[in-house]
Amino acid sequence: SRVAASAKVPLSATMAKARSISILIVIGFKIPEIQPCHSNLADISAPVHPAYRQARPTALYLGSTKGDGMGNCDIGLVGLGTMGAALALNIAEKGFNIAVWNRTGAKTEAFMEGAGALAARITPAQELADLVAALKPPRAIILMVPAGDPVDQQIAALRPLLDTDDLIIDAGNANFRDTNRRMADPGAFLGIGVSGGEAGARHGPSIMGGGDRAHWDRVAPIL
């Protein structure tokens, strides 16, 4: 990853217990093209929405439950609003396979229709379990949902589907006290700030990561 700046920053007394790090990076890492994240694909004869047919010409991702280890996507993303959609396209453009899920399926379909050639690196999931099954273990999932209760609700929905070493990354505008609280809960967790608006998320945001250094290192090549 192309690092713009990297430095340890003094932490407040409240954050000191969280073994936090502060890192400023810019997405700009490119790797050779890798295989799309096909997992648990099955031929179907029923009509398929064009958004899914664009990414999977003869198959629709059906998914499975936790622990099958069959997925091949490098990272997952929940929330295809303005920032989430832009960040997902950026990650796919850099050569990584990404699985995406949105609470409303219509938004996922619209996103896939607009993804163009990048759809080949994007797996649209119909259910959260499908998203989890599409990922290579240990899994990492970015949350791009509104700060506050929606983040806690999404974490609560995901944790039963994940293994203990799977990582949830909150990329919303969270209060640092909420981030500290979530890091103290069971399960791997990172809080990251994404700066630069829609254009930044699409072409190179500044990302400020806070949490355990080992968790950050797992996803640093992507972020």
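A salt bridge is a side-chain nitrogen of Lys or Arg within 4 Å of a carboxyl oxygen of Asp or Glu. By that criterion, the structure holds 10 salt bridges. The structure is a predicted model, and the values below are computed from it.

**Overall make-up**

The chain has 223 residues, of which 48% count as buried. Its secondary structure consists of 8 helices and 11 strands. Among the contacts with a separation of 6 or more, 68% are between residues 24 or more positions apart. The chain exposes about 10200 Å², and 56% of this area is supplied by carbon and sulfur atoms.

**Salt bridges**

Side chains of opposite charge can pair when their charged atoms come close.

| Pair | N to O distance |
|---|---|
| Arg139 and Asp166 | 2.9 Å |
| Asp152 and Arg182 | 2.9 Å |
| Arg213 and Asp217 | 2.9 Å |

The side chains of Arg139 and Asp166 meet in a salt bridge. Arg139 counts as buried because its relative accessibility is 1%, under the 20% cut-off. Asp166 is buried as well, with a relative accessible area of 0%.

Asp152 forms a salt bridge with Arg182. Here too distant parts of the chain are linked, since Asp152 belongs to helix α5 and Arg182 to helix α6 (residues 176-184), 30 residues apart. How does the accessibility of Asp152 classify this residue: buried, partly exposed or exposed? At 25% relative accessibility, Asp152 counts as partly exposed. Arg182, in contrast, is buried, with a relative accessible area of 3%.

Arg213 forms a salt bridge with Asp217. The two residues are 4 residues apart in helix α8, so they are separated by about one helical turn. Arg213 counts as partly exposed at 40% relative accessibility, and Asp217 also counts as partly exposed, at 41%. Elsewhere, salt bridges that share partners join Asp152, Asp170, Asp178, Arg181 and Arg182 into one network.

**Nonpolar cores**

The largest nonpolar core has 36 residues, and those that touch the most other members are Leu77, Ile98, Phe111, Ile122 and Ile142. Which elements each supply at least two residues of this core? They are the strands β5 (75-78), β6 (98-101), β8, β9 (167-170) and β10 (188-195), together with the helices α2 (82-93), α3 (105-113) and α8 (213-219). Helix α2 gives the most to this core, with 7 residues. Another core lies apart from it and has 20 residues, including Cys73, Ala99, Val132 and Ile141.

In α3, the buried residues are Thr108, Phe111 and Met112. They lie on the same side of α3, because they cover an arc of only 95° around the axis. Phe111 is also one of the residues with the most neighbors in the largest core.

Arg202 is found in helix α7 (residues 197-203). Is this arginine buried or exposed? Arg202 is buried, because its relative accessible area of 17% is under the 20% cut-off. Leaving aside residues up to four places away in sequence, Arg202 touches Ala86, Leu89, Asn90, Glu93 and Leu118.

Cys73 lies in the loop between β4 (59-61) and β5. How far apart are Cys73 and Pro137 in sequence and in space? In sequence they are 64 residues apart, whereas their C-alpha atoms are 9.2 Å apart.

Pro137 is joined to Pro138 by a cis peptide bond, with omega near -10°. Pro138 lies in the loop between α4 (128-133) and β8 (140-143).

Definitions and conventions
Residues numbered from 1 in each chain as written. Predicted model: local features only at pLDDT ≥ 70, side-chain atom pairs only at ≥ 80, totals over all residues. Heavy atoms only, no water. Core = buried A, V, L, I, M, F, W, Y, C linked by side-chain atoms within 4.5 Å. Buried < 20%, exposed > 50% of the residue type's maximum accessible area, 1.4 Å probe, protein only. Contact = heavy atoms within 4.5 Å. Arc of directions from axis to C-beta. Areas by Shrake-Rupley, 256 points an atom, 1.4 Å probe, with all protein chains shown as cover.
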